[in-house]
Amino acid sequence: MSKKTQEEILKEELFYAPQNAYYVCDDKEIAKVNKFCEGYIDFLNACRTEREANAFVKELAISKGYKEFNPKGKYKAGDKVYYDVHNKSLILTTFGKKSIAAGTKIVAAHIDSPRLDLKPNPLYEDEELGYFKTHYYGGIKKYQWPTVPLALHGVIYRKDGSCVTVRIGDEAGDPKFVITDLLPHLDREDRSMRKVIAGEALNILIGSRPFGKEKGDKLVKLNLMKLLNEKYGIVESDFLSAELEAVPAFPASDIGFDRSLIGSYGHDDRVCAYPAVMAAFDAKKPEYTTVTVITDKEETGSDGNTGLQSAYLKQFISDLGALEKVPGRDVLRASECLSADVNAGFDPTFSQAFEKNNSAYLNKGIVLTKYTGSGGKGGTNDANAEFVSKIRTIFDKSATVWQVGELGKVDEGGGGTVAKYIANLGVSVVDVGVPVLSMHAPFEIVAKTDVYMAWKGFKAFLESK
Ligand code: MN
Ligand code: MN
């Protein structure tokens, strides 16, 4: 290697230049990256919806000694509890050595992803083909969803109150479902991206065989309803009390000859939820009480009693405070939070949407996003410099590879996370997460090193003194 010039030495010292993790990590650490991501791929394939992620993590936590939180309980440093929020959001807590008055360390990610929900009365027949009507959930480019194999996940509550779980389309041998598209030969009209496929055209094809041999009206629908009755014990009105979600039916997989990337449905935001949960498990005997939140409803604005605009986090932290007779507001004011959510990775094919100096790049580690929002920082938690300073020190000390990034060019668009809702409680918050390509598409891309760095960074934060 040739000797560095004075200019090169000075540049290294003075310029901000985030590094590619492959230049920073030794081969031993890259082996850890790959191992960690094997677990993440299994998680992605096991959990296609927020309910499934909630159940999976809860079961895993119980197997690791977590007990259901008891507001009247007595806890000591190192004790582990979980707090379930209507089967869709979950909090994991490890009690710290310090008093709760010192505040908590919160990592909050979301486990809902954009998808197609069935309407309350979804089943119909048109020209002897059977369909489900859908209402899309979250921000999608609707044209991406036709001609993609779909699976169906969720729950149906029958008239008598009993529940049946639905999970069909992912296992070998399962039938799949699909939304059709118009052939190119008959589709010559120019139209904007938003008009290529209308919301009411997202109809899922589910069958074509009529019941019996006698011709008649709605016999395809009848045959489908009969099959559903046999398989799930339901009648048509039971759809009214169901939550059925159509999600892409292809599994997560390595992408690229070098296997450095992962393609999957639902990286946003399970790519932060999984490292957050693993960091919670791995942070042993933390100084501060840790609060790991995996929440529902982020993609639709965090409303509803399982979203972070509701009171559940505030109430849980108040309950933690009450154990030591510390007012909840004092605990919140002293608490710090990483809002763990994805950001857009710089995509060279669509460079026009990004500002190069303030974009997140794949393999350059987790992205610290000081503010989100749109239109002149509208609707954002803009993390204060004091707190950002604290977090960057934690990342640097733990050799976590990280970078800063904004969501695209100024006035190009924008988006939000749960950060502002947690900030509204008085907590210090900043967004930290994994850069993603093709965000909100049926098949999103992340880099393995960034997934691992999320775990490393979250763990360092939870263990910070
Ligand atoms: Mn997200
Ligand atoms: Mn999202």
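Guide: This is a predicted model. In it, 19 residues of domain 1 are in contact with 16 residues of domain 2. Domain 1 comprises 6-113 + 265-463, and domain 2 comprises 115-248.

Visitor: What area is buried between domain 1 and domain 2?

Guide: The size of an interface is often given as the accessible area lost when the parts come together. Here, domain 1 and domain 2 bury about 1400 Å² between them, with carbon and sulfur atoms giving 47% of that area. On the side of domain 1, the residues that lose the most area to domain 2 are R48, R51 and P442, which together account for 33% of what that side buries. The centres of the two domains, taken over C-alpha atoms, are separated by 34 Å.

Visitor: How many salt bridges are counted between domain 1 and domain 2?

Guide: Four salt bridges are counted between these domains, and the structure holds 27 salt bridges. One salt bridge of the structure joins the side chains of E245 and R115, at 3.3 Å from N to O. This pair links distant parts of the chain, since E245 belongs to strand β11 (residues 242-248) and R115 to strand β5 (residues 115-126), 130 residues apart. Another salt bridge is formed by the side chains of E52 and R167, with an N to O distance of 3.0 Å.

Visitor: At what angle do helix α3 and helix α12 pack?

Guide: Two packed helices are described by the angle between their axes and the distance between the axes. Helix α3 (residues 27-46) packs with helix α12 (residues 448-462) at about 90°, and their axes are 9 Å apart. Because of that angle, α3 is roughly perpendicular to α12.

Visitor: Which residues of α3 and α12 make the contact?

Guide: From α3 the contact is made by E29, I30, K32, V33, N34, F36, C37 and Y40, and from α12 by K448, T449, V451, Y452, W455 and K456. Eight of the residues in this contact are nonpolar, two are polar and four are charged.

Visitor: I turn now to the backbone. Which peptide bond is cis, and where is K325 placed?

Guide: Most residues other than glycine have a negative phi, and most peptide bonds are trans. The peptide bond from D268 to D269 is cis, its omega being near 15°, and D269 lies in helix α7 (residues 267-282). K325, a residue other than glycine, has a positive phi, near 55°. Its place is in the loop between α8 (312-323) and α9 (328-334).

Definitions and conventions
Residues numbered from 1 in each chain as written. Chains lettered and ligands numbered in written order. Predicted model: local features only at pLDDT ≥ 70, side-chain atom pairs only at ≥ 80, totals over all residues. Heavy atoms only, no water. Axes fitted to C-alpha atoms, helices over the stretch in contact; angles between N-to-C directions. Helix = DSSP H or I, 4+ residues; strand = E, 2+ residues; numbered from the N terminus. Parallel < 35°, antiparallel > 145°, perpendicular 65-115°, else oblique. Contact = heavy atoms within 4.5 Å. Nonpolar A, V, L, I, M, F, W, Y, C, P; charged D, E, K, R; others polar. Domains from an automatic or database assignment. Buried area = accessible area lost by both parts, 1.4 Å probe.
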